[in-house]
Amino acid sequence: MRFGGLTAVREVDLTVRSGEIVGLIGPNGAGKTTFFNCLTGLYVPTQGTVSYRGTVLPPKPHLVTKAGIARTFQNIRLFANMTVLENVMVGRHTRTKEGLWSALLRGPGFRKAEQAGEERSMELLEFVGLAHKRDHLARNLPYGEQRRLEIARALASEPGLLLLDEPTAGMNPQETRTTEELVFAIRDKGIAVLVIEHDMRFIFNLCDRVAVLVQGRKLVEGTSDVVQADERVVAAYLGEPFEGDPGEAEAAEVEAAEVQAAEAGSDTETADAESTSTTKGEPQ
């Protein structure tokens, strides 16, 4: 993925198998979130492809979600003025067959789909421990519960692969432990998980495999023990030079490019959200 003359992600090849938890780590500016954005269609890769279960995916977020990949964001992206239940029901829009006219006429098919969506959403809220707050506004939830709500909304699309972007950022140890247990429970349902995280204890306890990105390249991939013992990984985190290291200047440029692209994407998402009509929290 290039931003002008700057290559933020290059030659990254990564496979996640069903029922597996894979970690993606690296210093700030390594290109981790850029990689996620390429996987989910928020960015159109300059070169290369993203495939899911043997099918090459188009770089369009709604089609990626429909194919079976869902994600959460580093900065929480909930609908703040909608209820907890409505937020999860929004996540089911790719799994409903009802269209605009059905929603406007509110016929038997629409009411049946709405009831089924609500029942499934309540199951997911029970799964993440938020069923008792179904009618609370999302903005009134504590930080840790907002994180779990975002995960529930992602699960509402019935993904086979879930991408978590720093799910424990800003959490205390108890909240981190709760999130770890939740990710294990998701894996036990047969869902593959790819997670970005800066908390090394969390990532090494959680993951079957870990891949390390440095300046947009995959430096090493393997079990937690293999990655922790790799001298290049230690050097990358301590800031010590190693062979082929382009230096801190390029890392800073990558991070700046990611921030700029994220801000541009946020403006686009806001415009899209404002143009979307909803009825009782469900997309039309």
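A salt bridge here is a side-chain nitrogen of Lys or Arg within 4 Å of a carboxyl oxygen of Asp or Glu. The model before you is predicted. By that criterion, R209 and E221 are joined through their side chains, with an N to O distance of 2.1 Å. R209 belongs to strand β9, residues 209-214, and E221 to strand β10, so this pair ties together parts that are twelve residues apart in sequence.

Are these two partners buried or exposed? R209 has a relative accessibility of 12% and therefore counts as buried, the cut-off being under 20%. E221, at 27%, is partly exposed.

E221 also takes part in a salt bridge with K218, at 2.6 Å from N to O. K218 is partly exposed as well, its relative accessible area being 29%. Through shared partners, salt bridges link R17, E20, R209, K218 and E221 into one network.

Let me turn to another pair. R217 forms a salt bridge with E11, and their closest N and O atoms lie 3.0 Å apart. R217 is in strand β10, which spans residues 217-222, whereas E11 sits in the loop between β2 (6-7) and β3 (21-25); the contact therefore ties together parts that are 206 residues apart in sequence. With a relative accessible area of 37%, R217 is partly exposed, while E11 counts as exposed at 69%.

How many salt bridges does the structure hold? The total is 19, including those I have described.

Methods
Residues numbered from 1 in each chain as written. Predicted model: local features only at pLDDT ≥ 70, side-chain atom pairs only at ≥ 80, totals over all residues. Heavy atoms only, no water. Helix = DSSP H or I, 4+ residues; strand = E, 2+ residues; numbered from the N terminus. Buried < 20%, exposed > 50% of the residue type's maximum accessible area, 1.4 Å probe, protein only.
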